[in-house]
Amino acid sequence: LLLPDNYDFLLKYKSKKEFLDSVVDNYSDQKEFHQAVEEVIHSIWDTATSSEEYCKFNILDRIVVPDRTIIFRIPWMDDKNNVHVNLGYRIQFNSAIGPYKGGLRFHPNVNLGVLKFLAFEQVFKNSLTGLNLGGGKGGSNFDPKGKSDKEIMSFCYAFMNELYRHIGRRTDIPAGDIGVGAREIGYMFGQYKKIRNAFTGVLTGKGTNWGGSLIRPEATGYGLVYFVLEMLDTRKDSLKGKTVTVSGSGNVAQFACEKLIELGAKPVTLSDSSGFIHDPDGITQEKIEYVKKLKSVRSARILEYAKKFNVEYVEGKRPWSIKCDIALPCATENELNLDDAKQLTHNGCYVVAEGANMPSTTNAVHHFINQKILFGPGKAANAGGVAISGIEMSQNSTRIPLTRDKVDGLLKEIMQRVHNTCVKYGKKDDFVNYVDGANIGGFVRVADSMIDQGIV
Ligand code: NDP
């Protein structure tokens with residue numbers, strides 16, 4: 001095994017703080033990335049620094065630097081023949097355990113710091129699934145709201161005109177995320193196929209007629225609820241009759257609600273970037289079908305739900321003031337702060353599971369853990385989406401589609417595995433710290449694989 005003789009650099013940082021300061025210094029304008037790194041390093045510090053092997057191979061320095069960051073220009077034309085330019089990104093963060101895998105986000109807030117945080121989180125999340133998937137993320141600062149279908153198609157083609165050279169079914173397999181759903185995946189797949197003249201499983205979240213997996217659209221939301229079931233089970237508790245606040249009203253929120261309803265819980269809120277609705281009688285399957293239709297137009301507002309079903313709408317706020325047993329933030333990063341966290345626990349909420357990526361601020365997470373509630377961090381609780389993307393990849397390779405029941409069974413199995421890993425690495429006395437469990441469990445597999453592969 002290739003090992004350096006002199007370990008001068010062995011644990012070159014005297015403290016966790018010194019290491020984290022170096023990350024801030026190196027990437028001073030990437031605050032979401034600092035936040036994600038801080039959370040992980042906080043959990044893995046003892047594991048990473050007490051192992052001579054991890055120190056010799058300088059895993060700490062290596063794990064916070066992406067393998068590759070690709071930034072490119074996306075010129076496209078709108079319906080009035082105006083030419084626009086957006087920035088495109090793909091962060092290929094770590095491929096120690098498999099090809100890069102992670103979504104594409106189209107949102108005006110997208111920048112390098114946001115995508116690096118998402119790609120970094122994805123490395124650990126993908127590891128937790130137990131599948132052979134490395135971590136990546138990408139997207140653009142393009143705003144899909146208010147764009148015509150033709151403009152969306154033009155933009156997706158223009159995006160793929162550059163992205164195609166960097167991806168491939170054995171290299172990097174993007175999927176959807178905020179602003180990228182089945183329609184956008186379809187246009188990007190079509191353009192990839194045209195440029196490469198190859199029909200391959202290079203994207204996941206495809207239509208089921210052309211290689212997509214059953215249950216993929218549902219997987220993140222359903223998987224989130226399966227994870228909540230596992231957490232509740234550690235306290236011999238169930239979902240029956242529980243009141244649940246949900247934020248967001250997109251893919252993850254819709255299918256989380258659907259599964260909650262099926263399992264006898266009562267979701268009472270949904271939100272978007274304009275405000276939230278409160279439906280105290282409970283959101284029903286019929287109402288979720290309405291939301292799916294409403295939100296298929298990206299500029300549609302959740303306010304329409306309040307008008308149609310005659311319920312309360314609160315402008316410009318998030319739903320964390322509403323009394324609940326369980327809270328599922330499913331919209332976006334940093335949508336739940338310390339005040340929200342205090343209000344939730346004050347009102348009796350004792351389970352929080354993140355459908356979105358990093359929706360809780362650092363202080364909010366500390367509050368939940370100090371209160372010893374059941375807190376499932378996104379990289380564990382929302383791993384169902386990427387897990388079923390992994391299953392879509394295997395169906396594309398074998399060319400044998402699986403039934404809905406089979407895929408749903410695999411999703412449950414994988415969410416149980418993710419939960420078990422969190423318990424294995426995060427249980428201390430009688431309390432499971434799922435943040436530590438997810439971070440350490442995800443880290444160990446990636447770090448050991450990096451060591452097996454040498455200094456690459
Ligand atoms: P969608 O685009 O389908 O929906 C996003 C929802 O979040 C919309 O309701 C949107 O409201 C709201 N939202 C977006 N930005 C903001 C903001 N700045 N403030 C308040 N609300 C906002 O995305 P998804 O449901 O796919 O993704 C939601 C979250 O889940 C993201 O964090 C994503 O990274 C994460 N995730 C998604 C997975 C998937 O499989 N799709 C997998 C794992 C994680 P509006 O319409 O006003 O923009």
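## Sheets and helix packing

Strand β12 (residues 351-353) and β13 pair in the parallel sense, with three bridges between them. Inside that pairing, Val351 has Leu374 of β13 as its bridge partner. This is a predicted model, so read what follows as a description of that model.

Zooming out, β12 and β13 belong to an open sheet of five strands with parallel pairing, in the order β7-β6-β11-β12-β13. The edges are taken by β7 (266-267) and β13 (374-376); each has a single partner strand, so one side of each is left without a neighbour in the sheet.

Two helices go with this sheet. Helix α8 (residues 216-233) lies across β11 (326-328), β12 and β13, and helix α9 (residues 251-262) packs on the sheet by touching β6 (243-246), β7 and β11. Here is how each one is directed against a strand:

| Helix | Strands it meets | Angle |
|---|---|---|
| α9 (residues 251-262) | β6, β7 and β11 | about 175° with β6 |

Then there's an open sheet of three strands, ordered β8-β9-β10, and here the pairing is antiparallel. β8 (269-272) and β10 (312-315) sit at the edges with a single partner strand each, so one side of each has no neighbour in the sheet. On average, neighbouring strands of this sheet are turned by 15° against each other, direction ignored. Looking at one pair, strand β9 (residues 275-278) runs antiparallel to β10 and is joined to it by four bridges. Ile277 is the residue standing opposite Tyr313 in β10.

On to a helix pair. Two packed helices are described by the angle between their axes and the distance between the axes. For helix α6 (residues 149-163) and helix α7 (residues 182-196), the angle is about 45° and the axes are 8 Å apart. That angle makes α6 oblique to α7, and their crossing is right-handed.

Who actually touches whom? From α6 come Asp149, Ile152, Met153, Cys156, Tyr157, Phe159, Met160 and Asn161, and they meet Arg183, Glu184, Tyr187, Met188, Gln191, Tyr192 and Ile195 of α7.

Conventions:
Residues are numbered from 1 along each chain as its sequence is written. This is a predicted model: local features need pLDDT of at least 70, side-chain atom pairs count only at pLDDT 80 or more; totals for chains, interfaces and linings use all residues. Side-chain values use heavy atoms; hydrogens and water are left out. Axes are lines fitted to C-alpha atoms, for helices over the stretch in contact, and angles run from 0 to 180 degrees between N-to-C directions. Angles under 35 degrees count as roughly parallel, over 145 as roughly antiparallel, 65 to 115 as roughly perpendicular and the rest as oblique. A crossing is left-handed if the near helix is turned anticlockwise from the far one by less than a right angle, and right-handed if clockwise. Contact means heavy atoms within 4.5 Å. Two strands pair if DSSP finds at least two bridges between them.
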